[in-house]
Structures are given as structure tokens and as C-alpha cells.
Amino acid sequence: MLVALLRRFARPYRRPLAAVMALQSVSTLASLYLPTVNATIIDDGITKGDTATIVRLGGLMFGVTALQVLCAVGAVYFGSRAGMGLGRDLRSAMFHRVTTFSEHETGRFGAPTLLTRTTNDVRQIQFLIQMGCTVLVAAPIMCVGGIAMAIRQDVGLSWLLLVSVPVLVVANGRIISRTLPLFRSMQRLIDNINRVMREQLSGVRVVRAFAREPFERRRFDDANVALSGTAQAAGNWQALMLPVATLTINCSSVALIWFGGLRIDSGQMQVGSLIAFLVYFAQILMAVVMATMTVMVLPRAAVCAERITEVLATTPAVSNPSNPLRPIGPAGVVRLAGASFRYPGADRAVLQDISLTAQPGTSTAIIGSTGSGKSTLVALICRLYDVTTGAVLVGGVDVRDRDVEELWSSIGLVPQRGYLFAGTVAENLRYGKADATDDEMWAALRVAAADFVHQHADGLQLRVAQGGVNFSGGQRQRLAIARAVIRRPAIYVFDDAFSALDVHTDALVRARLAEITADATVIIVTQRISTILDADQVVVIEDGRIVATGTHELLLTESATYREFAASQSLDAEVGGAR
Ligand SMILES: Nc1ncnc2c1ncn2[C@@H]1O[C@H](COP(=O)(O)OP(=O)(O)OP(=O)(O)O)[C@@H](O)[C@H]1O
Ligand SMILES: [Mg+2]
């Protein structure tokens, strides 16, 4: 997973990454060379009192150090650029993939984890790139080179390496095996925090109204404590690494000085060599520590890569057919033929064997108790979901065979929970029609009886907060209606879109709609009997099945369910008023 992902996304950054590796190699080699020069200064310069040599070699040391610093800075610079660039590409790829998702996929993942995956998970990969191409290059060179240089200085002491390096490796290995599982669960815990936070934010009014704050706070605390607990445990183990390394290095240094001292006494070794040996020793052990640190980044990045790939590899269930068909006959004909639908993961079908036809120039009212499947039916017509069995035909062609964009452009949907985007009223209306003129916007707002826009000084530039929270429920609904009306579609679908309007406004909006929808197909999900009275066809849904279809009069005599419904709406009073 990780390798495939990196291969795909690191391709554009081959050059900077190669530069990083080259620079890092030079920098590492330079730092390996320094102790040797130092040893020569001590052995040939200081002990012999040769100032000229000291100055010459000192100059050389200075030059090498400068080179090393330059290369190290360059490596970090290019490494960061490549890492950041790669992160940006990855995030953009994720975002574009997620925008193609249908309800189906977004529902399956859930928003919180999609958020974590595009932000935190990508950052882990980014971090791996930065760490990886500097440390992973430096550590092996440092380790092997250090050993070679140390042996060159003095073979007699190199047996100490055989003790210290394995001790350090084993100790670090144990620490890593403790931390890995912790890291793995951390990504999931971050998802958790996001989820609680989001729920809390979007439900803030409900939470307040029902005085659930203490409960919510506790829920957040739980998630928060779980995350910080895990991070702390992982941090504790990680914190142990450096002391262990230092302890090993220092113990080895004591041993080195002890045994080196003996060798110097017996004339087998020079002081400069011993000092160089000490430095190499420290470098080798540090290389081991660095390598293990990177090894620790790897598994976490691997988990993240898996999670990212999962998103990138998901093909949306609702996608364009390879050979889209044009509608046959009038574009406004909507027909459901034995359509059944089951939500992914649900154990029973929400809609069963639904058959109905809606013709252009007519209106169809869909009624039914809450949870009977009305919104689901609407979602099928708009192809937000695909039917499980049966078929939905719009314009005489199965919606699965039609171009999705074209299909959507022929439908004006006002969803039950209309969503407004942050921005202005004009921007929101342009979601309905991208190139709408001001006149068209005002016309659409008039149909939707959204006078409040006209009355406001800002007019079309009236600010809309995220989700439209700065509007009342009824104002939101009217803006959503305007957004659907502005595109003058062949099919209008209103899912309980008038529920928040008062009776007067409701009547006004429907009267104005009637003028412009004369030739269109209108499908209205509603609870109000007054709306139903105007419909050419009424469909009664109960528990996912159509129990009756017909006109109001017909249903009154034929359907017990409908009579009950009508009675519950105190039909007599309303009929008296309306007729
Ligand atoms: N995304 C979903 N995943 C799983 N089940 C769902 C989903 N959306 C709705 N359902 C289920 O499908 C059933 C029908 O829901 P639907 O929203 O179509 O009802 P409705 O008739 O529109 O109700 P209301 O009048 O309250 O709007 C419900 O029982 C609900 O539990
Ligand atoms: Mg509904």
C-alpha cells in the first residue's frame, strides 16, 4: 500500500528527492571525515607541537564543516519542499475523489474519518517523506562508514562495537514493539474526537435545549482522554529511547577509554585515534537510534497509507455509464417500475415494489407517515442511490444509463433538509444555475416568495452563513426553492419543502409555482392536505409500499388509509375553506 502510494505520488518529486539523497550523502560523509582530521591534528600537530599542521588541518576541518552544514541545510530544504508538495497533491487527490462520492460512499466512510484522512493521515505520509529521505539515507552511511572508519583507526578496540550495537538494537527493538500497537490505535482515536466534535457542533441547539451539555462534555472528555492517554503511553516509550541510547553510548565510552588507555600505555595506539574512535562510536550508535526512529514512523505511515488508499480506491456506486443514452420522448416523464431499495448494510428493504408514473404537466403528491420511505423514493428518482431491484426511468431511459450531469440538470430538487452554502444568496442561487443573471435570480426569489432578500439592503449579496444558520427554517426553505426554480427544470421534486412555511406563504408559493410549472412534471412529498387537493395524482405510501394511487376523491372512497390520513388533517374544515 505505502509503496504503491508513494510510487504514484512521489513521481513528480523524483528530482528534489534525488537531490536530497545526494546532499544528505555528502553531508554524512563529511561528518564521517571530521573525526579523522581531528585525530591527525592531535597526533601529528599537538603532540609534536607542529603549529603549521594544526592551522592547515584546522582550515580543512572548517571547510569540511561548512560543506556539511550547507548540504544538510539543502537536504532539509528540498526534503521539506518535496514532502509538502506531495502532501498537497495527496490532499487534492483525496478531495477530488470524495467529491465524486455518492451518498452511499460518504455514508459508508462517514465525514469524520474522511476529514482525518485528508488532514492528519496525509501529514503522517508527508512526515515520512521528510524523515525518510534524510534519515534513511544518512543512517546506513553513518553506520557502515562509521564502523569502517573506526576499524581503520584501531582494529584492537572494534570488538566493543560487537557488544554495544546489539545491546542498543535489542533495547530499541523492545521499545518499538511496545509503541507500534499504540500508534496504530491512535489514528482511530483521532477519528473519534472528530466525530464527537462534529456531532456536538451540528447538534448544538439540540444539546442546549435538552440540557445535554454535561453529557456531551463527558463524551468528549472520554474521547479526548483516550487519545491523550494513548499518545502519552506512546510518548513515554519513545522518551525512553534517548536515555537508553545515551546510557549505552556513555557506558561504551567509559569502556573505550579504559581499554584504549591500556593500549596507549602499551604503545599500540595514539591519543588522537582514541578520540576519533570515541566520536565514531557515538556516531554509529546515534545512527542506530535514528534508524529505529524512522522505523517507528513507518508503521504509522503504513496505516495512514492504507486508510488513504482505501478512499482513493473507492469508485462511487453512482457513476456515469460508459455509453450514456439520451432521453427518449419527453424529458419530464418519471416512471418507477417495480423499484425496491435497501440501504447498504440495512437488513430489510425500505422501499418495495414501487411502480408509478408521473407525466409532464401533471403533479403527483406523495404522502405517508414518517419513516415510510418518501425521501428515499425521491432520492431514487434523483439517482442519489441506485435501486436494488426494479428500475427508475426518467425521460423513458433507465437513470443508470443516463449521463449523471444531464440527468441532474433536468431535475430541480428541494430536499427535505435543504443545505445552503456559506457565501451570499447569489452564490447559492448559482448552484442551481451557474450563469444565472440578476433578473433570473430575482424572478426565482419572487416565485419562492423570498421577499426578505428584497427587503434587506444587501439584496442578492445577503450573507449566508455555513449551512444557512443565519436564516429561519422557512427562509432557508424558500431559498432552496428558489435555487431549484432558477434552473427551470423539466422535473420539480419537492421533499416536504413547504413544511416550515405558514399556510398563507405556502399558498402563495404554490400559486406562483403553478404558473411556471404548467408544462413540467411536479412531484411533491407533503403532509398537508391543502397541497394534495391540487394534485392530479396522489400516491399513498405505507411502510415502503404503495397502498393506494388515485385522485383525492377516488382515494377518499377507496382507501381506508387515506381516509384516516384525511380525517387526521381535519379535512372537513379545510375542504370547506378551500373549495
Ligand atoms: N441513510 C440511511 N441509511 C439507512 N437507513 C436509512 C437512511 N435514510 C433513511 N433510512 C431509513 O429508511 C426509512 C425511510 O426513510 P425516509 O427518509 O425515506 O422516510 P420519510 O418517509 O421521508 O420520512 P419523513 O416523513 O420523516 O421525512 C426509515 O425507516 C429510515 O430509518
Ligand atoms: Mg423524508
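Helices (H or I, at least four residues) and strands (E, at least two) are DSSP runs, numbered from the N terminus.

Before you go on, keep in mind that this is a predicted model, in which local features need pLDDT of at least 70 and side-chain atom pairs count only at pLDDT 80 or more, while totals for chains, interfaces and linings use all residues. Residues are numbered from 1 along each chain as its sequence is written, chains are lettered from A and ligands numbered from 1 in the order in which they are written, and side-chain values use heavy atoms, with hydrogens and water left out.

## Ligand 1

Next, select ligand 1 and show the residues around it. There are 13 of them, and those that come nearest are Gly 371, Lys 374, Ser 375, Thr 376 and Gln 416; a residue is near a molecule or strand if one of its heavy atoms lies within 4 Å of it. The shell divides into three nonpolar, nine polar and one charged residue. For this division, Ala, Val, Leu, Ile, Met, Phe, Trp, Tyr, Cys and Pro count as nonpolar, Asp, Glu, Lys and Arg as charged, and the others, Gly among them, as polar.

In Tyr 343, an N or O atom of the side chain is 3.2 Å from a nitrogen atom of ligand 1, and in Ser 372 a polar backbone atom is 3.3 Å from an oxygen atom of ligand 1. On its own, ligand 1 has 630 Å² of accessible area, of which the protein covers 59%; such areas come from the Shrake-Rupley method with a 1.4 Å probe, and for residues, only the protein chains shown count as cover.

## Along the helices

Now return to helix α10 and select Leu 377, which lies in it. Leu 377 counts as buried because its relative accessibility is 0%. If you also select Val 254, 123 residues apart from Leu 377 along the chain, the C-alpha atoms of the two are separated by 79 Å.

Move to helix α8 (residues 213–265) and select Thr 248, which counts as buried at 11% relative accessibility. The side chain of Thr 248 reaches the backbone oxygen of Val 244 at 2.5 Å. Thr 179 is buried, with a relative accessible area of 0%, and a polar atom of its side chain lies 2.9 Å from the backbone oxygen of Ile 175. Polar contacts are pairs of N or O atoms within 3.5 Å; within protein, one must be able to donate a hydrogen and the other to accept it, and residues adjacent in sequence count only if both atoms are side-chain atoms.

Select Arg 488 in the loop between α15 (473–485) and β9 (491–495). Its phi is near 45°, a positive value in a residue other than glycine, and Arg 488 is partly exposed, with a relative accessible area of 45%. Asp 543, in the loop between β11 (537–542) and β12 (545–550), has a positive phi of about 55° although it is not a glycine. Most residues other than glycine have a negative phi.

Finally, select Cys 304, which is buried at 0% relative accessibility, and Cys 382, buried at 4%. How many disulfides does the structure hold? The structure holds zero disulfides, a disulfide being a pair of cysteine sulfur atoms within 2.5 Å.

Key:
Buried means under 20% relative accessible area, exposed over 50%, partly exposed in between (1.4 Å probe, protein chains only).
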